[in-house]
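These are my notebook entries on a structure that I examined element by element. I record what I looked up, in the order in which I looked it up.

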Amino acid sequence: MAKKTQGNGRGIPQGSGGETQQRGGPVLTTNHGVPISDNQNSLKAGQPGPTLLEDFVLREKIFHFDHERIPERIVHARGTGAHGFFECTDPIPELTRASLFQKRGAKVPVFVRFSTVAGSKGSKDTPRDVRGFAVKFYTEEGNWDLVGNNIPVFFIQDAMKFPDLIHAVKPEADRGFPQAASAHDTFWDFVSLMPESLHMIMWAMSDRAIPRSLRMMEGFGVHTFHLVNAEGEATMVKFHWKPKLGMQSTTWDEAVKISGADPDYHRRDLYEAIQAGDCPEWELGIQIFDQDWADRQPYDVLDPTKLIPEEEVPVRIVGRLVLDRYPDNFFAETEQVAFLPSNVVPGIDFSNDPLLQGRLFSYLDTQKSRLGTTNFHQIPINAPKCPMHNFQRDGMMQVQVPKGRANYEPNSLDEAGEDPGPRASDQGFVSVAAFTEPAEEKRRIRPESFADHFSQARLFFVSQTEAEQNHIIAAIVFELSKVQLKHVRKRVLAQLRNIDESMAQRIADGLGAELPPALPPAKAPVDLPVSDALSILKHPAPVEGRCLGVLVSDGADGPVVEALKSAASAAGATVKIVAPKVGGVKLKGGELLEADEKIDGAPSVLFDAIALVLSPEGADQLAGEKAALDFVSDAYAHCKAIGHTGPAKPLLDKAGVVQDGFFFDLSGSNAEALIEKLPIRDWSREKKVKLPV
Ligand code: HDE
């Protein structure tokens, strides 16, 4: 017969390590509220004994753990989110009755999730990819989800092609790789066969697809939607998010290196900014137009592969979005949030864009497979913050307890003095009357007005600066160099000729290939007026939000570091101290300067510019440290400003850099000058460190 024991056989009393008992605070319980006495040891028959099936504490814990993962999103699996608010800064009641746009200064809570598209949940933050920009507005009249991207157009024109597009870009079916990358055969095979994708390809191959920070990218609703006012009058609208910090991207080489140095680069940046009170902010803009205007354009406003140049229809700013709170729990909030383009509120409506129409089905449908129940709207992050009543009852994981007999409508239970439940309202959502003639017959068609696949792709290319064009060309050369099927490379080149002959020729040269004859376009492209709004570099970005990496050594000059810190903080930028040891360095004056990072954990790709504040001995030592040499030579190759004190010379020399106008001698009073350069790169350096493509 088993003896009653007080120990676990190793002399450790049962319950030791049961931290709740030692530290106070709430008592640890099972999911059913039973207090737990020992959270370290399972229940055994004797010493060491088999574990008993009877141990409901162990079984419940393992059972729950076994089921902690849910299916990741089929696309946009990797993401990060934040809470915040939307504030109306310019009311537009003449355009929409949507409650959030009625009063200047009125605020509604929001939850935003940013994502990459192709990679799995555990992939990196900085692949070349589109970024999702999904916003849930919890308005007084229900949730409005603006589920957009950081690129204003999409790869395909019809929802019918979405599964094919995603299958082509995801890891290849037989081998299960590559992860989070479009540089492979199946993706470019699809692209080469679907010329409608080429406009978005230009964006995806541009620096837009390798943003420096989620805080430094634009967002777009992509589709044309409708705004509807209280009189029922509708206007067409495109939505835009403009980042307060301006736009900034990494270089491709940086993006590749960041994914090794810090795969969580973007989410860490978002988290750190919010924790530091530097709340990320965007303006919400609208482009407003009507059917008459739309009819006069050379493209169809319902074609999601087309944008409306901002020079044609200016973006009117109507509000601002501020993210001021990081989620308390990643799973409960960021993972369980369910965005639905079908979530519109009175005053906002869809259009006949065939891609949007398909999305209206897909998002609701996918939540059932991801979150397991049609009651996913009851999860706190998804629940509306306004009253919600209807007769949809029961279902898996119903957590509400509806009262009364009425679960159908119409009913007359009120005549018997019972609660009859909710009724439809004449203030409720009303759909916009169709703008187009009803089709005479059911057909599987692609409108002829969607046939021009190249004019806007060309517009995008010619609107870029020289450096940006070089980056696009280099990106396509890189991607096609990873494509092994030669006929696919050839067909892509044949399509690219329809966008820009000189671009196609340079890409062919970069591949070491002959330029094949152009494939005949469905509709001949035309030249459109250059749109500066499409370029990143044509827009100066503020210093705010950028980060300087300062490499220090023992014996470094403290006042120089102080000058950098105060210049950065005056400009709204931050400084991170990088040292040979994370404990920090002893400055020339003998005081300790703590480090944020150790040199080999903080390569210069993590910073917008660098400074080297070194003693002569420190510089000599670091000249023998590969990580320090890379710190300098990478910053140089990535065209970043470099500040240094005189003694840093041996390190600069050994790193092989040639000082130019982007070097700042910090022995003088150059701290401000260096800080001003944080958002700027000297692109002319690229020619010194790279062969031309
Ligand atoms: Fe999505 N998309 N999508 N998409 N999408 C999803 O919904 C889909 C499209 C976008 O942070 C899925 O809840 C179809 C365009 C974002 O949770 C899924 C089509 C745009 C997110 C889905 C599109 C987007 C998604 C996967 C073509 C920009 C992440 C998980 C008809 C305007 C939302 C989920 C988040 C997510 C389907 C095209 C943006 C499968 C069928 C165009 C930002 O339902």
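**Entry 1. Basis and confidence**

I note that this is a predicted model, in which local features need pLDDT of at least 70, side-chain atom pairs count only at pLDDT 80 or more, and totals for chains, interfaces and linings use all residues. Residues are numbered from 1 along each chain as its sequence is written.

I looked up the confidence, given as pLDDT (the predictor's confidence in each residue, from 0 to 100). The chain has a mean pLDDT of 95, and 96% of its residues reach 70 or more. Residues 1-21 have a pLDDT below 50, and this stretch makes 25 contacts in the model beyond near neighbours in sequence. For the model I recorded an ipTM of 0.98 and a pTM of 0.96.

**Entry 2. Domains**

In the contacts between them, nine residues of domain 2 meet six residues of domain 3. On the side of domain 2 that touches domain 3, I found two nonpolar, three polar and four charged residues. Here Ala, Val, Leu, Ile, Met, Phe, Trp, Tyr, Cys and Pro count as nonpolar, Asp, Glu, Lys and Arg as charged, and the others, Gly among them, as polar.

I also consulted UniProt, whose positions are given in the numbering used here, with feature names shortened; its annotations may be inferred rather than shown by experiment. An unreviewed UniProt entry lists residues 29-417 as "domain: Catalase core". I find this span to be 22% helix and 19% strand, with its end C-alpha atoms 44 Å apart. Helices (H or I, at least four residues) and strands (E, at least two) are DSSP runs, numbered from the N terminus.

**Entry 3. Surroundings of the ligand**

Which residues come nearest to the ligand? Of the 25 residues around the ligand, these are His76, Gly132, Ala159, Val222 and Ser362. A residue counts as near if its C-beta atom, placed from the backbone, lies within 6 Å of the molecule. The shell is made up of 13 nonpolar, nine polar and three charged residues. At least two shell residues each come from strand S2 (107-116), strand S3 (131-139), strand S4 (142-149) and helix H10 (354-371). H10 gives the largest share, six residues.

**Entry 4. Positions listed as active site**

Under "active site", the unreviewed UniProt entry names His76 and Asn149. The two are spread over 74 residues of sequence yet cluster in space, with a largest C-alpha distance of 10.5 Å.

I classed burial by the number of other C-beta atoms within 10 Å of a residue's own: 20 or more is buried, 12 or fewer is exposed, and in between is partly exposed, with C-beta atoms placed from the backbone.

I located His76 in the loop between helix H2 (56-66) and strand S1 (79-88). His76 is buried because 23 C-beta neighbours lie inside 10 Å. Beyond four places in sequence, His76 is in contact with Ser115, Val117 and Gly132.

Asn149 belongs to strand S4. Asn149 has 24 other C-beta atoms within 10 Å and is therefore buried. Its contacts, not counting residues up to four places away in sequence, include Gly132, Phe220 and Val222.

**Entry 5. Positions listed as binding site**

For "binding site", the unreviewed UniProt entry gives Arg73, Arg113, Phe162, Arg359, Tyr363 and Arg370. I examined two of these.

Arg113 sits in strand S2. With 23 C-beta neighbours inside 10 Å, Arg113 is buried. Among its contacts, not counting residues up to four places away in sequence, are Gly81, Gly132 and Thr334.

Is Tyr363, by contrast, buried or partly exposed? I counted 17 other C-beta atoms within 10 Å, so Tyr363 is partly exposed. Tyr363 is part of helix H10. Leaving out residues up to four places away in sequence, Tyr363 touches Phe339, Leu340, Pro341 and Ser342.

**Entry 6. Pro341**

I followed Pro341 to the loop between helix H9 (330-335) and strand S10 (348-349). Pro341 is buried, since 25 other C-beta atoms lie within 10 Å. Beyond four places in sequence, its contacts include Asp145, Val147, Arg359 and Tyr363.

Methods: Two residues are in contact if their C-beta atoms, placed from the backbone, lie within 7 Å.
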